[in-house]
Amino acid sequence: MMKSVTVSPHVHSSLSTDKAMLYVIIALLPSALWGVFAFGLRALIVLLVSIVSAVLTEYLLGKVSKENTIKDYSAIVTGLLVGMNMSPIIPLYIPVIASVFAIAVVKWTFGGLGCNWMNPALAGRVFVFFSFSSKMSTFVNPWYVYKPIDSVSSATMLSTIKTAVQGGASGANVDILSSASIAMSHFGSNVENATGINGYVVDAFFGNIAGCIGEVSALLLLVGGIFLIAKHIITWHIPVVFIGSFAVLSWIFGGLPKGLGLFSGEVVLPVLTGGLMLGAFFMATDWVTSPTTKKGEIIYAFGCGFFTFLLRYFASLPEGVSIAILLMNIVAPTIDRYIKPKKFGYVKPEKKKKGGESK
C-alpha cells in the first residue's frame, strides 16, 4: 500500500468558521427573543438595526478590499451582541455607531476576522457608553412587571445597589432593593411566598428585571452557554473561572463597601445581574481575543473576574464586565507568550549532576 507524506495538519475538523458562528447565533437567540418579549417591539428594532449596520459595514469594506466576508456570519454575531448590550429604549443612532465602530475600526483596521486584538462588539459597546453615558444608562422594566402600563423607566438592580452603597447604606443587596423603586414581578413574589427564595433573585434568574435586551435572563444565557460547550465551540474553563472568581471575591470582600466585614458579601444576585453571564459565555470566550492554552484561559478568566469585581465594588460605575474583558483582551497576548503548550515529542533534558554528566 502506497503511503504519502504531506504537511500538517493531518487531522481535519468539520467545524468551519461559518458553522461556529451559526452555533453562536443559535445560542444567543433564546435570550435575545426573551428580551423582545419582555421589552416589546422596540427591542426587536434595536437588534435589527444593530445587525443590519454591522452587516452593511462588513459588506462595504469587503467591496473595497475585494473580499467576500459576509458568508462567515461573524458580522451578524457582532451586530447581535451589540444589540443585546443595548437598552431597549436607546436612540437608534447609538447601536448604529456601535456596530460601525466595532466592524470598521476594531475588526477591519487590524486586518479583519482573526486579526482584531479586542472583542469588536464589546469595544463598540464601551465606545458608545462613554460617548452617550446618560442614554446608555436609561432602562425600562419589562412591560408585564408594571401592568397595565406598557413600560416604566427604572434603574437596574446593580445601579440601585451601587447608588445606595455610595450613599452610605448598609445591609444586604436585597434589603436595599426592597426599599428602593425596584419592582418585583408577580411571578417572583409568588415564588418567594411559596418557597422562601428571594423574589429579586428569582426575577434576575428568569429575566423579569430592567436591563439591556440580551442580558436580563441568566437562565437563557446559561442554556446558550451550555449549548456552546456541548458543541465544542467553547470550553468550560473561561466562563466557570470567570463567574467563580467573581463570586468568591464578592463573597469575601463584597461587604466592605457597605461597612460590613469579610465573608459577608452577597453572591447570587451579583452573579445573576448585569452583563456577567453574557460576557462570561459569549464575549470573554472569543477565540481571537482569548488565550490559546487551558492554563492561559484560567489566568485570563480569573483576571476578568477580578477586574469585574474591582470595578463593580470600588469604582464609580455599577457595571464592569465590558471593561474587564477588554483589559484582559489586552493582556491575552502576554499570557500566550509565557504560557506555552508543551512541544509535541519534546523531552526535557536532565540537569547535570555535580561532578558528573547528565544521562
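## Thr57 and its surroundings

The side chain of Thr57 reaches the backbone oxygen of Ser53 at 2.7 Å, which falls under the definition of a polar contact as a pair of N or O atoms within 3.5 Å, where, within protein, one must be able to donate a hydrogen and the other to accept it, and where residues adjacent in sequence count only if both atoms are side-chain atoms. Thr57 lies in helix 2, which covers residues 41-65; helices here are DSSP runs of H or I with at least four residues, strands are runs of E with at least two, and both are numbered from the N terminus.

With a relative accessible area of 12%, Thr57 is buried, a class that means under 20% relative accessible area, as against exposed at over 50% and partly exposed in between, with a 1.4 Å probe and protein chains only. When its neighbours within four places in sequence are left aside, Thr57 is in contact (heavy atoms within 4.5 Å) with Val100, Ile103 and Ala104.

## Basis of the model

The model is predicted, so that local features need pLDDT of at least 70 and side-chain atom pairs count only at pLDDT 80 or more, whereas totals for chains, interfaces and linings use all residues. Residues are numbered from 1 along each chain as its sequence is written, and side-chain values use heavy atoms, with hydrogens and water left out.

## Val36 in helix 1

Val36 belongs to helix 1, residues 17-39, and is buried at a relative accessible area of 18%. Apart from its neighbours within four places in sequence, Val36 is in contact with Ala43, Leu44 and Leu47. The C-alpha atoms of Val36 and Pro88 are separated by 8.6 Å, although the two residues are 52 residues apart along the chain.

## Helix 10

Helix 10 (residues 199-206) is largely enclosed by the rest of the structure, because 6 of its 8 residues are buried; these are Gly199, Tyr200, Val201, Val202, Asp203 and Ala204. At the start of helix 10, a side-chain oxygen of Asn198 comes to within 2.8 Å of the backbone nitrogen of Tyr200. After helix 10 comes Gly207, with a positive phi near 105 degrees.

## A nonpolar surface patch

Val248, Trp251, Phe253, Leu256, Leu262, Phe263, Phe302, Phe306, Leu310 and Phe314 form a nonpolar patch on the surface, and together they have about 920 Å² of accessible area. Two or more residues of the nonpolar patch come from each of helix 12 (237-253) and helix 15 (294-314), and helix 15 gives the largest share, 4 residues. Phe306 lies in helix 15 and, at 33% relative accessibility, counts as partly exposed.

Patches are made of residues with over 30% relative accessible area and no salt bridge, with like charges joined within 9 Å and nonpolar side chains (Val, Leu, Ile, Met, Phe, Trp, Tyr) within 5 Å. A salt bridge is a side-chain nitrogen of Lys or Arg within 4 Å of a carboxyl oxygen of Asp or Glu.

## The protein as a whole

The protein has 16 helices and 2 strands, and 48% of its 359 residues count as buried. Among contacts between residues at least 6 apart in sequence, 72% join residues at least 24 apart. The protein exposes about 18,000 Å², of which carbon and sulfur atoms supply 67%, by the Shrake-Rupley method with a 1.4 Å probe, where for residues only the protein chains shown count as cover.
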